[in-house]
Amino acid sequence: MTKNTSKIIIAGPCSAESKDQILSTAKSIEKIQDVSFFRAGIWKPRTRPNLFEGIGEKGLKWLQEVGNTTNLKTTTEVAKTTHVEKCLEYNIDALWIGARTTVSPFSVQEISEALKGTKKIILVKNPVNEDLSLWLGALERLDKVGIKNIIAIHRGFTAPSGGAYRNNPLWHIPLELKERCPELPIICDPSHMLGRREGLQELSQQALDLGFDGLMIETHPTPEKALSDSKQQITPKDLKELLQNLQFDSIELRNKRILPQHDKSLKALRNLIEPLDQELLEVLQKRMKVVKQIARLKKTSKIKVFQKKRMEELLGKVEVAAQRKGLDKKYVRNLYKIIHNESVNRQTEIINVLEKR
Ligand code: PEP
Ligand code: MN
């Protein structure tokens, strides 16, 4: 099927579960214009044990059949040498390194060595923690063994639970990666970023508007019955609709088409936001001054810097105040955890300096 876009679109279930699930999903996805890769996890890196850890090698046979009977390229996750060897044996087209593996230079090195000499496409997800160097390091290790076809996948970074994202986008990190490696295609995985189906359309559009080179979207015939990531997967039918509703042309081109008065109103609203941000910073500065005074007092009266009861009291108070102001209480709670943590760190620093005198 001819494609509408040059973007790299990857779709398929979080995990391979049965032959029928894999083949029927692939057949449905094949009919969707613009999808070029079929994904399915064979070995699943579960955060906690005793959850579904993947179907294992027999799933590779099903993926190979997808490769042989559809026009989709196949891809799965590899986390160690034996995974790489099995994928090469079953002729999987592209292998991805998952977020929990990118954090480990030993594992990435081992995988890179096992890949030496292959012409396969290798995709590298960002590490779970917000560390661009680890991501770059993994890309460099692959480059060093001569891998030419590398694609980075931005899936977000571990986020506090209860927030809007399962994994925080922190867009500045992949954008910095793009600046450092302009030739490297970077695609976005909004499914793992959001952790839920609702909002996937908007987040996918946001990624395209930021210049990402494609998307990886988890797709399952019956998402609510999926053995992993059931909340975030969508049906092939919904995937088709999502892709049809996306605007693939660049935001610059679209902005030129947007009525100039919209542009003006946006500028005016942004002008309102900027002084508010300044005000926020000034309040934070004032707060920090008081925090420093508290540090000195704690030092003279030998009171411990971190007091659990005080933290809970503070978080409780701001939650109630946030609710009264119509703000999301989890958002404010998380924000205050950061503010409080910084206060504790600064107080500890101050007391350490005073004690050395
Ligand atoms: C996945 O793609 O199913 C997966 C486990 O992703 P991540 O490594 O991004 O958590
Ligand atoms: Mn998943």
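Tutor: L266 is partly exposed, at 38% relative accessible area. Here buried means under 20% relative accessible area, exposed means over 50%, and partly exposed lies in between (1.4 Å probe, protein chains only). The areas come from the Shrake-Rupley method with a 1.4 Å probe, and for residues only the protein chains shown count as cover. This is a predicted model, in which local features need pLDDT of at least 70 and side-chain atom pairs count only at pLDDT 80 or more, while totals for chains, interfaces and linings use all residues. Residues are numbered from 1 along each chain as its sequence is written, chains are lettered from A and ligands numbered from 1 in the order in which they are written, and side-chain values use heavy atoms, with hydrogens and water left out.

L266 sits in helix 12. Helices are DSSP runs of H or I with at least four residues, strands are runs of E with at least two, and both are numbered from the N terminus.

K286 is exposed, at 58% relative accessible area. Patch members have over 30% relative accessible area and no salt bridge; like charges are joined within 9 Å, and nonpolar side chains (Val, Leu, Ile, Met, Phe, Trp, Tyr) within 5 Å.

L327, Y331 and L335 form it, with about 290 Å² of accessible area together. Y331 belongs to helix 14, residues 329–356. Its relative accessibility is 48%, so Y331 counts as partly exposed. Helix 14 also contains E355. E355 is exposed, at 54%. E355 and S24 are 331 residues apart in sequence and 68 Å apart in space, C-alpha to C-alpha.

Now the salt bridges. Side chains of opposite charge can pair when their charged atoms come close. The rule used here asks for a side-chain nitrogen of Lys or Arg within 4 Å of a carboxyl oxygen of Asp or Glu. The whole structure has 13 of them. One of the salt bridges joins K86 and E57, at 3.4 Å from N to O. K86 is in helix 3 (residues 81–89) and E57 in the loop between strand 2 (37–39) and helix 2 (58–69), so this pair ties together parts that are 29 residues apart in sequence. K86 is partly exposed, at 26%. E57 is partly exposed, at 31%.

D213 and K178 form another salt bridge, with their closest N and O atoms 3.1 Å apart. D213 is in the loop between helix 9 and strand 10, and K178 is in helix 7, so the parts tied together are 35 residues apart in sequence. Both ends are partly exposed: D213 at 22% and K178 at 26%.

E312 and K308 also pair, with 3.3 Å between the closest N and O atoms. These two lie 4 residues apart in helix 13 (residues 308–324), which means about one helical turn separates them. E312 is partly exposed, at 42%, whereas K308 is exposed, at 55%. Elsewhere, salt bridges with shared partners link E57, K86 and E89 into one network.

Next, the aromatic rings. Rings of Phe, Tyr and Trp (its six-membered ring) pair if their centres lie within 6.5 Å; planes under 30 degrees apart are stacked, over 60 edge-to-face, and the rest tilted. The count is 1 aromatic pair. W171 and F212 make up the pair, edge-to-face, at 5.5 Å centre to centre and 65 degrees between the planes. The pair links distant parts of the chain, 41 residues apart: W171 is in the loop between strand 8 (167–168) and helix 7 (172–180), and F212 in the loop between helix 9 (200–209) and strand 10 (214–218). W171 is buried, at 15%. F212 is buried as well, at 3%.

Last, the whole chain. It comes to 14 helices and 10 strands. Buried residues make up 43% of its 357 residues. The C-alpha trace spans about 75 × 55 × 40 Å along its principal axes.
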